[in-house]
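Dear colleague,

Please read them alongside the coordinates.

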Amino acid sequence: MSDDVRLEALHLQLTHACDLRCRMCGQWGENGYQSGRGNSHGMALADWLAVLEAAAPLRPRITLWGGEPLLAPEWPAVARRACDLGMETLLVTNGTRLAQSAATMPGLFSWIYISVDGPAEVHDSLRGRAGTFARIAAGVRQLRETCPGQRICVMTTLVAENRGRLAELASILVVWGVDGWLLAPQMFLSPARATAYTSFQVGLGNASNDGGSWVAEFPPAFGV
């Protein structure tokens with residue numbers, strides 16, 4: 001393998017399955033490419049482990065995501081193998097299964113990224129499931145008990161519904177003791193980029209990932 005080859009990050013989409021229906025999601029939202037399909041998991045464990053073995057010489061950061069990655073039964077084994085191979089491992093989760101998964105997490109993830117879009121009523125409305133915020137709060141508390149040194153970063157999607165509620169969320173995050181807070185606009189593609197993305201996916205034999213599900217209309221300065 002050439003010495004100048006670099007692979008800094010590798011994102012493993014362990015599953016398409018998700019227990020939420022977030023309004024703004026390009027996978028399971030109103031226009032998402034998964035909408036109307038059944039929940040499905042990704043590759044078999046042996047295949048994920050083979051990917052990690054192949055990537056290990058390049059030492060990329062490994063990010064587990066989905067769907068909701070904690071719905072994939074393979075996630076503990078994949079995370080553990082990545083760590084054993086000396087790769088930094090991260091998790092991106094909607095937080096609904098943190099409480100029941102926390103006991104398995106010590107030593108696995110350098111960062112856990114949790115999606116939280118506002119105070120309880122705002123978050124639950126955007127995420128399409130009542131009680132979601134309360135489950136995240138319980139999960140964070142459990143993480144703090146089980147993994148006291150675990151670094152946690154909250155990711156917030158900036159949309160009209162939470163524009164005036166961020167100060168309230170900030171106060172909650174202080175109580176939770178999170179280590180970082182990412183504020184980002186809703187993910188979107190311009191029509192031109194969506195077409196290019198779809199063509200790229202089709203070329204890989206992955207026609208189900210339709211770039212059109214991420215198209216949004218924004219002012220002219222956006223998405224060009």
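**Notes on the chain**

Of the 224 residues of the chain, 44% count as buried, where buried means under 20% relative accessible area, exposed over 50% and partly exposed in between (1.4 Å probe, protein chains only). This is a predicted model, in which local features need pLDDT of at least 70 and side-chain atom pairs count only at pLDDT 80 or more, while totals for chains, interfaces and linings use all residues. Residues are numbered from 1 along each chain as its sequence is written, and side-chain values use heavy atoms, with hydrogens and water left out.

The chain holds seven helices and six strands, taken as DSSP runs (H or I, at least four residues, for helices; E, at least two, for strands) and numbered from the N terminus. From that terminus the elements follow the order β-α-β-α-β-α-β-α-α-β-α-β-α. Helix 7 (residues 191–203) has 13 residues and spans 18 Å from its first C-alpha to its last, close to the 18 Å expected at 1.5 Å a residue, the expectation being 1.5 Å times one less than the number of residues. Just after helix 7, Gly-205 adopts a positive phi of about 80 degrees.

As for the cysteines, Cys-18 counts as buried because its relative accessibility is 11%, and Cys-147 counts as buried because its value is 7%. The disulfide count is zero, with a disulfide taken as a pair of cysteine sulfur atoms within 2.5 Å.

Leu-183 lies in strand 6 (residues 180–185) and, at 45% relative accessibility, counts as partly exposed.

Best regards
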